Amino acid sequence: MRSEDGRIKRQVADDVQKDYLALEIRDSKVVFTFNLGSGSAKLVSKTMVNNGKWHHIIAERIGKSGKLTIQSTGANGDDIVEGSSPGTSSVLELSTHKSIFLVGGVPEIAEQSFPHKVPLELTTEPFNGGMEDLKFDDEPVGLWNFVEAKNNKVGYPQRDFMQEIFTEGVYFNGQGYAALSRNDFQIRGERTQVSFQFKTYAADGLLFYIGLKDYFSLELAGGHLLFRFDLGKGAAVARSNDVYNNGSWTSVNLDRNSKIGIMSINNRVEDIRVESKGNLKTLEIGEDIYIGGIDNAVVPPREMTTTSFEGCLKNFNLGTLNLNPMKNKRSKGLIKGCVEKIARIVTFPASKSGYIALKPVSIGSMFDVTFKIKTKEINGLLLFASDLSQSNVFAVVMSEGQIKVVETANNEESQLASLPFTYNDGKWHYISIMKMGRELSMSIDDTNVVNYSTGPEQIDLDTAIYLGGLPSSVTATSVLVSDMPGFLGCIGDITINKKFQNLANLKESKGISLTDCPVERADLTPVRTCALPATRSDNRTIDSTAGTRYGLTISSRSEYLNLGFKLRLGPNTIIATFRTSAPDGVIFYTSDKKHVDHLTIFMLKGKVFFGFDFGSGPASMSSTETYNDNEWHIVKVVRRGKEGSLFIDGKFIIKGSSEKTLKTLNVIDPSFVGGLPENEIRNALRNLKNVSYTGFLGCIKDLILDNKPFPNPAQNVNTTDCSSFDESGAFFGINGGYLIPADRFKVHTNMDIQLEIRPRTQEGVLLSVHNKTDYVVLQMTGGDIVFTVDNGAGPITARYKASFKFYLCDGNWHSINGKLYYIFNRDVCLL
C-alpha cells in the first residue's frame, strides 16, 4: 500500500450488523477495527504512512485476538500492535448473500448500490494512493476482478519495495497443482533427475509426477517419502525410513538411470536404491510435468495418491535446469512465497492417545480461552491444567455431546455445562470461556451462552496446559475428567489470555497431525470406482406380503375388470392398505366414460379423501390428519345409498352424503388402483380436487371389496413388487430417463435448487431449464458437480470438486444446493 494522503481501503461488513472487519487510515496512521458482536477492537499503528512510500500492512484476527503489523520502506523494524475485542463473541458472522468486500472506499449512495450501512465508527473517505498484492486468508484477491467499481481505471507503477520479502519458494494450499510443459525442459527417456526442497506438516500429498503409460512420481504417505517409477513392467518403489512432515526444510534428490533409481534425502542421511522390473530402460511420458498434485486430465496409477500437497517447495531442478512452478501452463492453489509456518489446527488420532502441551499459564482470577472443535465422538477431553497435587484443576470436556467446564480449588469442584444441545456433529463449533473472579461464562458459536457466579475466586496452576488428552505420566483425579477418553477430532484457533497459540511451536505432543481437519470424511475410504453398479440389481429382498409399488411412471397403475356391476347399487365396503411419503396420489378410481358418475379414494396434501357422485352432485369427505409418513395405514370406505363413511386404521373419521336422491353408481370397466392412464388424467382431475400428481408414489396391498379380496388385475402397468428396502426418490436407469416437474418455469433473477443424489456413475444431467438461448443446468461431470447459468451474456459456472474422485458415487446420499441470484448488477451462482 502506498498512500498520498491519510485514507485507505476497507472493509468486510455485513449489513448494519455489528460483525465486521475494517482497515483505515486515520490521522495518517493505519487503524485495524473488528467487531464480533459484543464490542469492537481498535488497533492503531504508530507509523505515519502518508509519505508517498510503500508500506506492507498485515492485519490478523484469530478468535477475539487481533494483530496489526506495518512493514515500511527504510524502517529498522516492524510496527506491531496487538489487541482483543471485549465479551465472549469470537466468531465473525458474515452472510453469503449480504456480506460485502469493499476496497478503496464506499459507494456514494450505499443504500442503492449496496444495501448496507457503514458502522458509524468508521470513515467513509476514499483511499487515495496505490495498492497491490491484496490477500484475504492468504488467498490473493485480484483488484481488477471486481463486481462494481468507480474511479479505478488507471493502473499504478509496480512497487520497488519488498519485492523479495516472500519470494523464497512456492506455497501449495493442498487443493491444487502446477502443470508445466515438458517441451521447456530436457527430459531424456534413459535418465531422469529431480531435486528440490520442501517443508510441510501434511502426512500425505503428491510432490511430483510425470507419466503416461510409464510414470515417475514422489509422494508423502503417512509422512514417509515414497518414490516410484514404472518403465512398463512394474513399479520400483523406494520408501524412506523416517517421516518428514515435521515443518522443517527437507532436501530430496531423485536420480533414475535406466532401471536403477536412487532417492537421497538431506544430503544422503537416507540413500535408497531400487531397480525396476523387466528389461525396459526408458521412460515414456506425456506432455505435462505436475508439481504438488494432478488435474482431471491425468488417469493416475492405481497405487499413487491423488491427494494434493500442502506446504512449501523451493529450489526445484529438473536435470540441470531450474523449474519455477509459478511459470506454468495451468495451475491451482499456488501462492508465491513461503512464510513462517503458522499451525492453527491440530488433529488427534483415532487411538485417542494423542495430546499437545502448551506452556503453563496460571488461571488465577482472570482467564480467557477460545478455541474451535470438530468431532463425531460424544466424549473426550478438550483441555486440562492443574497444580502438582491436583487440588486445583481447570478442565474442559465433551460429555455426551455437551461441553462442560470443571473448576476445582482446594478440592472443591464446580461445573458449568452448556445448554442441552450436542456438538459432536462433525462441524466446527467455536467455544469461548471467560473467568472473572467467581464468575465463569461460556459461549458456544456466539449464540449459546451460560454462566454462573458461584465458582472459586482464584485457581493457581503450575502444569502445562494439555489439549486433546494427557501424557501417561499424568493421571487426572477429578471424577468427570478421570473417566474421560482422549479426544478424537480437531481443535483449532486456540487463544489463551487473548494470545494466539501457534501450534507449530508446541512444547510437547504425541500422535497428532497439524494439517487440515479430516473429521468430516473420517468414515469414508477413498475408492477407485463407484460403490453401486450402473445397472440396478433386481435381486432385492421381496416380501410377498409387501404389496405392489406404484409410481415408476406417471401412468403406473393396476387395472381391474368386473368391479363396476358390484359397485352399481351397493352397499359397498372397500378396504386398502397403503404406504407413501408423497402428498398426492390416487389409491382407487372408477367412473363412467365422461367421469361424471365416479367413486374414488385419493390423497391430497397428505390427507385421505373419499368421494363419489351418482350424477346429481358429489359427496366428499376427508381426514384432518395426514398419512404420508411412509408407514402402513388401512383406509376403509363404506357407501350405503347416497351416504358414505371414511375410516382410517380402524377409527371412524367422517361421514358424508351426496346432495340429491340418486343412489345408482353407473361406472364402467376398468377400475384403477395406484394411478390413471395419461389419456384419462385431464378429465378425472375435477373429481380429484385437481391433485398435483395422480400417480400414487408408494405401495398398496390387501385390497378388499365387500369382504372379498380384489380379483387379479387384468394388467399391471409399470409396477413392481414392494420391498422393505425401498427408498423415497426417483431412479434413473443407465439407458436414460427424465421427469418434468413443471411444463413452464420462469427463473427470473433468483433460483434455489435443493436435491439429494445417490449416483451410480460420474456423469449426468441433474436439472435443466432452458429456452433457445438462455439456460440453467446442474450436472455431474467427472465426479464433480457443475452449476452453469447463461442469460444470453455468456455462461457463468460454479463447480464443486469432490475431495476424491469417486466421493459422490460412494453409495451414500449427498445433498446439493444451487442458488442463482442477482446482486450488484451481476448474476451470481453458488453451489
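**Briefing: sheet, disulfides and surface of a predicted model**

Seven strands make up an open sheet in the order 46-45-44-43-50-41-53, and their pairing is antiparallel. Strands here are DSSP runs (E, at least two residues), numbered from the N terminus, and two strands pair if DSSP finds at least two bridges between them. This is a predicted model, in which local features need pLDDT of at least 70 and side-chain atom pairs count only at pLDDT 80 or more, while totals for chains, interfaces and linings use all residues. Residues are numbered from 1 along each chain as its sequence is written, and side-chain values use heavy atoms, with hydrogens and water left out.

- Strand 46 (618–622) and strand 53 (715–717) are the edge strands, each pairing on one side only.
- From one strand to the next, the twist averages 15°, with axes taken as lines fitted to C-alpha atoms and angles running from 0 to 180 degrees between N-to-C directions.
- Five bridges connect strand 45 (residues 607–613) with strand 46 in the antiparallel sense.
- Asp-613 has Pro-618, in strand 46, as its bridge partner.

**Disulfides**

- The structure holds two disulfides, a disulfide being a pair of cysteine sulfur atoms within 2.5 Å.
- One of them joins Cys-530 to Cys-809, with an S to S distance of 2.2 Å.
- The torsion about the S-S bond of Cys-530 and Cys-809 is about -80°, so this disulfide is left-handed.
- Cys-530 sits in the loop between strand 39 (508–510) and strand 40 (548–550), and Cys-809 in the loop between strand 59 (796–800) and strand 60 (814–823), so the pair ties together parts that are 279 residues apart in sequence.
- Cys-530 and Cys-809 are both buried (under 20% relative accessible area; exposed is over 50%, partly exposed in between; 1.4 Å probe, protein chains only).
- A disulfide also links Cys-699 to Cys-722, at 1.8 Å from S to S; with -120° about the S-S bond, this link is left-handed.
- Cys-699 belongs to strand 51 (residues 698–705) and Cys-722 to the loop between strand 54 (720–721) and strand 55 (751–757), so the pair ties together parts that are 23 residues apart in sequence.
- Both Cys-699 and Cys-722 are buried.

**Tyr-201**

- Tyr-201 is in the loop between strand 14 (191–199) and strand 15 (205–211).
- Its relative accessible area is 13%, so Tyr-201 is buried.
- Tyr-201 and Asn-245 are 44 residues apart in sequence, and their C-alpha atoms are 4.5 Å apart in space.

**Phe-136**

- Phe-136 lies in strand 11 (residues 135–136).
- Phe-136 counts as partly exposed because its relative accessibility is 35%.

Conventions
Helix = DSSP H or I, 4+ residues; strand = E, 2+ residues; numbered from the N terminus.
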